[in-house]
Structures are given as C-alpha cells and as structure tokens.
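Here's a quick walk through one protein model, going from a single side chain out to the whole chain. Keep the structure open as you read.

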Amino acid sequence: MPATGTYRRRSSTTLTRGFIAVGTGAAALLLPLLGAHTASAAPAQSAAVAAPAAPSVTYTNDLDGWIKESLAVMAEHGIPGSYEGIHRNVMRESSGNPRAINNWDSNAAAGTPSKGLLQVIEPTFRAYHVPGTAMDSYDPVANITAACNYAAAKYGSIDNVFGAY
C-alpha cells in the first residue's frame, strides 16, 4: 500500500515571492512592447470601425416636405412646434402658396409686405432667420423655420398661434 500523507508545499520566503511577482508583472508589461518591435505581424487594423453612413433624408418639394424639413431644422436648433401647428397656420396665412404676398395690409402700406407660406415681413425674417436655411423669405423651409422661431420667442410655439401674428 502506498503511504498516505499530506502534500506539503515548499515554503518560500517573502523576498522570493516578491521577485516572482515583480518578474511576472515586468514581463506582462514588457512583452507587448517587445513584440511590437520584433514581431512581424499583419498591419494593424483600426480599432474603431467606421459606421455606415446614415442615409440622407430627402423631402418632397411640396407643403408636406417643406414642413417636415423645417421640423428637422427646428429640432436641431431647439425650436418647438408640430406638423399640425405649422400646417394650420400655413393654410390660414397663404393656403400653402410659397409665393403668396400681402400687398394690402398695414405692413404693405409701410413698404414691407408679408411674404411666403407664413406671411413673414422681411425685418422679422432677418431677425429670426435660422442658420442652415436659405436667406430668402420666399424659400418655403426658410420661411416656415423663421416664422416658427419668431412664434417660439413671442408665443412659446407656433402651436399656440391661432390667428394673425
């Protein structure tokens, strides 16, 4: 019969354990550096894989598309408003005609007629123009976005406008 006994691990001194720990740690730190200089590996690939480009959004060239594009610009600039609020006001102000002009009210009599989908006068358009849109008050997206920016400053949102403003 084999003798039974307990397995005894050889004791090591603290100093020996320290050398082993330091030696192991140093090797862990140096191996990547040594490997980078001496190994011939395949070319490194970029750690960040380029994300596929987001599909560009296209808008229809009609009232629906102009409102949707304006809402996207407004969202980028923190301007509140909804599709319904914009549509309601556009229909009241211009019946959806981006070339509409009011030549008979007090603004027109003063030389600054209201123009475009939301009937904005030129000084108001310039003051509330939103970067990223055309500097043309007849441009449907620029007109809607500037008018909504003005309505947000004056009424909190285009959604709060239910009459001439």
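Which side chain does the side chain of D159 make a polar contact with? That would be the side chain of S82, at 2.7 Å. A polar contact here is a pair of N or O atoms within 3.5 Å; within protein, one must be able to donate a hydrogen and the other to accept it, and residues adjacent in sequence count only if both atoms are side-chain atoms.

## Ground rules

This is a predicted model: local features need pLDDT of at least 70, side-chain atom pairs count only at pLDDT 80 or more, and totals for chains, interfaces and linings use all residues. Residues are numbered from 1 along each chain as its sequence is written, and side-chain values use heavy atoms, with hydrogens and water left out.

## Around D159

D159 sits in the segment after α6. (Helices are DSSP runs of H or I with at least four residues, strands are runs of E with at least two, and both are numbered from the N terminus.) At 24% relative accessibility, D159 counts as partly exposed; buried means under 20% relative accessible area, exposed over 50%, and partly exposed in between, using a 1.4 Å probe and protein chains only.

Leaving out residues up to four places away in sequence, D159 touches G81, S82, G85 and R88, where a contact means heavy atoms within 4.5 Å. Y83 is 76 residues from D159 in sequence, yet their C-alphas are 8.9 Å apart in space.

## Helix α3

α3 has twelve residues and spans 16 Å from first C-alpha to last, close to the 16 Å expected at 1.5 Å a residue. That expected span is 1.5 Å times one less than the number of residues.

Which residues of α3 are buried? They are G85, I86, N89, V90 and S94. Looking down the axis of α3, these buried residues fall within an arc of 125°, so they line one face of the helix; the arc is that of the directions from the helix axis to the C-beta atoms. They pack against α2 and α6.

## The nonpolar core

The largest nonpolar core has 22 residues, and I86, I144 and C148 touch the most other members. Such a core is a set of buried Ala, Val, Leu, Ile, Met, Phe, Trp, Tyr and Cys residues joined through side-chain atoms within 4.5 Å. The elements giving two or more residues to this core are α2 (63–77), α3 (83–94) and α6 (140–155). α6 gives the most, with seven residues.

Setting aside neighbours within four places in sequence, I86 contacts I67, L71, M74, L118, I144, C148 and I158.

## H129 in its loop

H129 is in the loop between α5 (122–128) and α6. H129 is buried, with a relative accessible area of 19%. A polar atom of its side chain lies 3.0 Å from the backbone oxygen of T133, and the backbone oxygen of A134 is 3.1 Å from a polar atom of the H129 side chain. Not counting residues up to four places away in sequence, H129 touches A134, M135, A146 and N149.

## The whole chain

Zooming out, the chain comes to six helices and two strands, running α-α-α-β-α-β-α-α from the N terminus. Of its 165 residues, 28% count as buried. Among contacts with a separation of 6 or more, 48% join residues 24 or more positions apart.
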